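Try each one yourself, then follow the solution step by step.

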Amino acid sequence: MAFQCQRDCYMKEFVTSVVSCCPAELKHEVSGKKETLKGFNVKLQDTILFPEGGGQPDDHGLIGDVPVLRVTRQGADAVHFVGSPLEVGQEVQVKVDWERRFDHMQQHSGQHLITALADNFFGYKTTSWELGRQRSTIELDTPSVKPAQLQALEEAVNEKIRVHVPVTVQLLSIDDPAVEKVRSRGLPDDHAGPIRIIDIEGVDANMCCGTHVSNLSHLQVIKLLGTEKGKKNKTNLIFLAGNRVLKYVEKSYSTERSMASLLKTGPDEHVEAVEKLQKSAKLLQKTNLSLLRDMAVLITQNFKNDPQRGNFFSLHKKEGDNEFMNIIATELNSEETLVFLTVGEEKGPGLFLLSGPSGQVAEVGPRVLEMLQGKGAGKNGRFQGKANSLARRGEVEAFLQQHCKHHTLEEE
């Protein structure tokens, strides 16, 4: 059977009744973490909430005042996952999240149009597509799409939008000869009921279960953002349709204004201004590294020239790096001095290096690693790595000083 959402894609509210309600669980992601929700699977007499399928995500909406979190298809039925139980036989009003639904209609009909013209113009077949949250992707069976072809395709799809081409739905029995003439990537194994054909007049007839606009003019505009290399020698074509284009322009203009304020230049000069800043930054970085190297050498010379230097050296430098620490460790290469160096935020993450007598370094290295909550390893008189927190650096220094004193007493 076809659901009401497929018979009338523009219907926003619908009255129906509850057929069944069973306890269920839903696995989903929240902020990148997988969670399992307990709730109920509800089947209705009919529904205006589209179950995911054909590359199109499911609808969101309400059954009464209960939010519908997921809609899936099981054979001829649509299953609605909700957090609260609904009474079987109860008459309910279903409301669709129209902004989400119309966005999906625009992207899905836009995909049909792009797919048809890419095939008609260049013979590039669509092998799959994805309706993403911010942009959509069509996988074309070609190693590449030339810039001139991309431009011609964009002009052609928008011309079809401008001339108000009708989009109609046909329901055919599976043994109807007309089914053989339409474009299709096959039916799901559990398909039930008539075959649904989306017909873009004079452009394309395609087997599809999704929700679509009734006229290409409702797409407003399509923007082909570009292509990316796909899998197995294929090309991914990235596009936006309808309201997504307007949001993209709004966001781009906001970014442009912010860049103009930061760079103190007009939009046409942004790239040049950023390139100059990058060159300046690289030059400053090179100069800074040179100064750090010189500083490392001076620090080690001062320590070596100090008659009261002892057998322990410790230093923290916020702006340093691994090279800075390694220069100091190399310059102080001595079997008599234990060297403890750190760089980074004083109470935040950073890098550390421990060098000196091989036996001492091997003995205290793991303890230093533990105190700094870090990861690292050591060999040949050096132990270094990343510290998750340098907050206990003072404790580490005191521990190493005590170890050096104890080691000196043992030798005496």
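**Exercise 1.** Find what covers the buried residues of H3.

*Solution.* Start with the ground rules: this is a predicted model, in which local features need pLDDT of at least 70, side-chain atom pairs count only at pLDDT 80 or more, and totals for chains, interfaces and linings use all residues. Residues are numbered from 1 along each chain as its sequence is written, and side-chain values use heavy atoms, leaving out hydrogens and water.

Next, pick out the buried residues (under 20% relative accessible area, 1.4 Å probe, protein chains only). In H3 they are Gln149, Leu150, Leu153, Glu154, Ala156, Val157, Asn158 and Ile161. Finally, look at their cover, which includes helix H2 (98-122) and strands E12 (222-229) and E13 (235-241). Helices (H or I, at least four residues) and strands (E, at least two) are DSSP runs, numbered from the N terminus.

**Exercise 2.** Check the span of helix H3 (residues 147-162).

*Solution.* The expected span is 1.5 Å times one less than the number of residues. With 16 residues, H3 should span 22 Å. Its end C-alpha atoms are 23 Å apart, which agrees. After the helix comes His164, with a positive phi near 55°.

**Exercise 3.** List the residues that Ile222 touches, not counting those up to four places away in sequence.

*Solution.* Ile222 then touches Gly110, Leu113, Ile114, Glu154, Val157, Asn158, Ile161, Leu240 and Ala241.

Methods: Buried means under 20% relative accessible area, exposed over 50%, partly exposed in between (1.4 Å probe, protein chains only). Contact means heavy atoms within 4.5 Å.
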